[in-house]
Protein chains: 2
Amino acid sequence: MQNCNNTNSANLVDLSNIYYTDIFPIKENSSLSTREFLQRVIDICLEFIDESNDRSRPILRYNDPDEMKTKFNFNIGKEPINLEQIVHDCAQALYYQVRTAHPHYFNQLSCGLDIVSLAGEWLTAAANTNMFTYEIAPVFILMEHEVLKKMRHIIGFYDGDSILAPGGAISNLYAVIAARQKMFPEYKSKGLRALPQQLVLFTSEHSHYSIKSAGAVCGFGTDNVIEVPCDERGKMIPSELEKLVKIQYEMGNRPYFVNCTCGTTVLGAFDPINPIADICDKYNLWLHVDAAWGGGLLLSSKQRHKLDHIERAQSVTWNPHKLMGTLLQCSTIHFKQDGLLLETNEMCADYLFQQDKHYDTSYDTGDKVIQCGRHNDIFKLWIMWRSKGDKGYERHIDHLFEMRDYMLKGIKARGDKFHMVLENPECVNVSFWYIPSRLRNVPHDDERIKELGRITPILKARMMQKGTLMISYQPLGDIPNFFRNIISNSGVQKKDVDFLLDELDRLGHDL
Amino acid sequence: MQNCNNTNSANLVDLSNIYYTDIFPIKENSSLSTREFLQRVIDICLEFIDESNDRSRPILRYNDPDEMKTKFNFNIGKEPINLEQIVHDCAQALYYQVRTAHPHYFNQLSCGLDIVSLAGEWLTAAANTNMFTYEIAPVFILMEHEVLKKMRHIIGFYDGDSILAPGGAISNLYAVIAARQKMFPEYKSKGLRALPQQLVLFTSEHSHYSIKSAGAVCGFGTDNVIEVPCDERGKMIPSELEKLVKIQYEMGNRPYFVNCTCGTTVLGAFDPINPIADICDKYNLWLHVDAAWGGGLLLSSKQRHKLDHIERAQSVTWNPHKLMGTLLQCSTIHFKQDGLLLETNEMCADYLFQQDKHYDTSYDTGDKVIQCGRHNDIFKLWIMWRSKGDKGYERHIDHLFEMRDYMLKGIKARGDKFHMVLENPECVNVSFWYIPSRLRNVPHDDERIKELGRITPILKARMMQKGTLMISYQPLGDIPNFFRNIISNSGVQKKDVDFLLDELDRLGHDL
């Protein structure tokens, strides 16, 4: 047994030794130590949460991978390790972890940490069940039905079916295969080769790569996922879509699926649903709306017009773990037609999903998913939504937009220190270049843009090394690297936006 | 604001009101209440864990779906709800939840609740990050590298690559598409229709349905996923495989993928890897080993011979959330060839996975998965394994088999009360019929078997209504319903096995 030199271990029985007795000898002598161990880990988590919310503390303590390997002991040995050491490992892991809930972390579409959702995820872990049957997850299965029905109603699907999936990419994959099932039901048993024509998918050049990935996975081939040009605001151009659809028909192929993005990853653009839906009607194409990012806007009466006519879609992806702030992961896919999910995915595995059980097995979800076992992603969403209520969520979304507006104003007020990549963003994405002193009085031509693209990663590296700020950057098509700032943490306040803009200047003015 | 009539709410500030201020105002006046709320939920979880381990308490309080809907308030309203009510909701949800950690719960491949893994999952929730880049998950990304490398070494892959996936079905899907990429690299861009021949997959008739599902998803068609007959112990018959492969070649098709199951879902059978690998070599087929269930046996020197020659596979699925007792979900897929995962799945989304970052981006996983965002499933496995050490895990696995042996002995000792469906199981699955009094003195012919198949679900319903025991049942091919008992909770003791066998008799003797 490896020993640990920490003190205070007197009360801690080494649980790693009790593999063949009870795992929870709570009713017996060692009860205190099991609880004490869990309580210590909880205390470490609470401290981490405190620190995440303390604006004066760093977002991260940056180390290169090679340094990190020398600082953190990843080794799993032959012998057990006592619980004191395990508690220490937990503290160490969080010490080096990026604080994604820090009000100065603007790096990802998922920022923040809602404490009610966190409580929900803690409870989910203790319940440790699988979401395939009512039998072993009665409350959670019914909860999933209720919440997904509510989400469908918000979309405008008054019938239909839905499922929670491990991320937006898998949700989009569900849509691609369900569309194929609906339009070409013979593919399921015969395969694509039995179809007379090559099937073709369409998605905007700014859309998420998961549509292309689904094209590869499903055997259409990425060449048959056609990228439709966008306008200068990043929105799909419907006339370009129609042109491309016609070309594919003329080539003898069969266009079948259009992905309409509501909230693109970088610019936060919303493709125009209504004209795209018209084209889908005209050419007999499945309309999928990927609102993984923008779906949360449906909860705000001020914002939901950006998704007007979403009910014309046949399927919708919507990730509560993004704008709605639910803990990772929580992604949903919704279908207008009831029964299609089951028809697409059922493999009639009656050895797993018995039909002769003593309850109504129509609640069981196992046979309508591609996953078999599924993590319980519903409780953390339900409890958070229940706590906020629809009105709370509306205020949550509206607050994010107020902070974004404050940021846009702040950028304008700072004159030539910033240059917008997109002037009037539709979502909470703000895309810009920071301009160091030496580049402020030069024209914004290709040369300056190229130089800004070069220094953006350097500025990002400075942020991470200092640990005060995190904003994502990326190129987009021909546009070299620029920052994309996200406000999706409802804990962000005006002072955080001021800090963000000023800190960029402090870190980058000399670049 | 909806009010709650519970007392003790004086100290609890309603956090659902503070959407637009800090989420964690811990440094301010209301600090106590945030912590207090989380602590209350933790206390509810700890009580649930106590109860789960108390053999005198029920596994579940059964309700039909319609009853459950009247007992539990699933409603999400317009108005926020205070935290007292949220705490109450948490308690209610667990009150009605099945205790999957109860020592009398033998229902699923995943039973039990390891407290170190639970602590790991709690910490994971607090860290709330996404597993696509080193940038936002430095410790966890390196941890994933280390643990997966260790698992590959245990398999016998001394190079290669791996990834964590949301369940065994998705892990198997990864194998199907990687095999296709390796053997027919042109499919990724051109699609299956560009290939000259129909591709064909092979899997045993007792294998998991996810192979068939992957056949559907990937566009091969379920007709082209050929089921290979098994022997009376549920193991694939290699000569039958060879026969079927030849037939497909003769038909002009292209056999390409063989799934060899190590630990089937129902009988726990292990397909013979070596002769199947010989056939794969001879006919140029990809060998995948689905050891989602049986993979844990690799950790025991007594048991690992059942997977001898697994290193001949090109890919291996192995789910730590099953025999290794890690919390749900934790599934891994391993490839012998390094670089193949990336080659298969990369979409070159440089707007998400920038190559010009200031650290070695080869650690980033985002571009080699089909998910984009991924839940952190590594910490709960790493911390559990580190706590047990390899020796602890070996004892864990050996203990499960000792309990299984004790069960087999107990069944034998109880004479004509039980009838085995499979006499000498290879894994911890024990498949049997319980024989009620009136059927004990009749020959075990088709008529008795049919009657046993009819009463098995009735006995299961009685278990659930009384709440004392849970064992899964299912038909298998022509064999009507029988019980499949799983011992995968290392908290199970001899007294629990005795209880299980005696309780069946108490509940079912009069059937």
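## Two chains, two kinds of interface

Five residues of domain 1 of chain A are in contact with 10 residues of domain 3 of chain A, where contact means heavy atoms within 4.5 Å. This is a predicted model, in which local features need pLDDT of at least 70 and side-chain atom pairs count only at pLDDT 80 or more, while totals for chains, interfaces and linings use all residues. Residues are numbered from 1 along each chain as its sequence is written, chains are lettered from A and ligands numbered from 1 in the order in which they are written, and side-chain values use heavy atoms, with hydrogens and water left out.

Let's stay inside chain A for a moment. Its domain assignment gives domain 1 (15–96), domain 2 (130–375) and domain 3 (385–508); bounds like these come from an automatic or database domain assignment. The C-alpha centres of domain 1 and domain 3 of chain A sit 35 Å apart. Between these two domains, about 610 Å² is buried, with 60% of it from carbon and sulfur atoms. Buried area here is the accessible area (1.4 Å probe) that two parts lose on being put together, summed over both. Arg55(A), Ile59(A) and Leu60(A) supply 75% of what domain 1 of chain A buries against domain 3 of chain A, more than any other three residues.

Arg55(A) also forms a salt bridge with Asp496(A), and the closest N and O atoms are 2.5 Å apart. To count as a salt bridge, a side-chain nitrogen of Lys or Arg must be within 4 Å of a carboxyl oxygen of Asp or Glu. The rule finds one salt bridge across this domain interface.

Now for the two chains together. The contact takes 173 residues from chain B and 173 residues from chain A. They bury about 15700 Å² between them, 60% of it on carbon and sulfur atoms. Which three residues supply more of the area that chain B buries against chain A than any other three? They are Arg193(B), Tyr209(B) and Arg386(B), with 6%.

Chain B and chain A share 10 salt bridges, and over all chains the whole structure has 70.

| Salt bridge | N to O distance |
|---|---|
| Lys190(B) and Asp223(A) | 3.3 Å |
| Arg55(A) and Asp496(A) | 2.5 Å |
| Asp390(A) and Lys150(A) | 3.1 Å |

Take the pair Asp390(A) and Lys150(A). Asp390(A) lies in helix 12 (residues 379–413) of chain A and Lys150(A) in helix 5 (residues 138–155) of chain A, so the pair ties together parts that are 240 residues apart in sequence. Helices (H or I, at least four residues) and strands (E, at least two) are DSSP runs, numbered from the N terminus.

How are the two chains related? A rotation of 180° with 0.0 Å of shift along its axis superposes chain B on chain A, with an RMSD of 0.0 Å. That is the relation of a two-fold axis. The superposition is by least squares on the C-alpha atoms of residues with pLDDT of at least 70 in both copies. In chain B, the C-alpha nearest the axis belongs to Cys218(B), 2.0 Å from it. Both copies use the same surface, as 100% of the contact residues of chain B recur in chain A.
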